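Here is a short report on one protein model. Look through the sequence and the structure before reading on.

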Amino acid sequence: MLREVSVMDYSLLLIIIHFPRQDDPDYQHIFNLFGDPKYARRIFKSHNKKYIYILGIIDYLQKFNVAKFFENKYKSIVYGNEIKYVSAVDPMIYSDRMFEFAKNYIFISKK
């Protein structure tokens, strides 16, 4: 995981492709394009087979080093309680925040 190597400042990319008809020739083409085994965990079909979802991590992938530590301390003074929303935070906090966001707003399960 990214937090285990002290990386932070990344974003989740979510691509949703809609196919109103399953017989659309581009449907299988798009799926095959990302069908390489190295992408297998990043591409999903919806249950009704009208959507293809592609996930990825993008952005800077910065190390949480001494400079980021001091940036965090400075921003904690400037932003106060809103510090949890800045990107210069410990990788454990950053990954937990990313996971909670994805769980609550992207991967909503039926209950």
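A salt bridge is a side-chain nitrogen of Lys or Arg within 4 Å of a carboxyl oxygen of Asp or Glu.

**Confidence**

This is a predicted model. The mean pLDDT of the protein is 75. Of its residues, 69% reach 70 or more. Among the elements, helix α2 (residues 66-79) has the highest mean pLDDT, at 84. The lowest belongs to α1, at 69.

**Salt bridges**

How many salt bridges does a search of the whole structure find? It finds three. They are listed here.

| Pair | Closest N and O atoms |
|---|---|
| E71 and K68 | 3.1 Å |
| K75 and E71 | 2.8 Å |

K68, E71 and K75 are linked in a network. E71 takes part in a bridge with K68 and in another with K75. E71 and K68 are three residues apart, which means about one helical turn between them. K75 and E71 are four residues apart, again about one turn. An α-helix has 3.6 residues a turn, so residues three or four places apart point the same way.

Is K68 buried or exposed? K68 counts as buried because its relative accessibility is 14%, under the 20% cut-off. E71, at 23%, counts as partly exposed.

**Helix α3**

Helix α3 covers residues 91-106. Its 16 residues should span 22 Å at 1.5 Å a residue. The end C-alpha atoms are 21 Å apart, which agrees. Which residues of α3 are buried? They are P91, Y94, S95, M98 and A102. These residues cover an arc of only 95° around the axis, so they lie on the same side of α3.

**Around R42**

R42 lies in the loop between α1 (25-33) and β2 (43-45). R42 is partly exposed, with a relative accessible area of 39%. Leaving out residues up to four places away in sequence, R42 touches Y53, I54 and L55. I57 is 15 residues from R42 along the chain. The C-alpha atoms of R42 and I57 are separated by 9.9 Å.

Notes. Residues numbered from 1 in each chain as written. Predicted model: local features only at pLDDT ≥ 70, side-chain atom pairs only at ≥ 80, totals over all residues. Heavy atoms only, no water. Helix = DSSP H or I, 4+ residues; strand = E, 2+ residues; numbered from the N terminus. Buried < 20%, exposed > 50% of the residue type's maximum accessible area, 1.4 Å probe, protein only. Contact = heavy atoms within 4.5 Å. Expected span 1.5 Å × (residues − 1). Arc of directions from axis to C-beta. pLDDT = per-residue confidence, 0-100.
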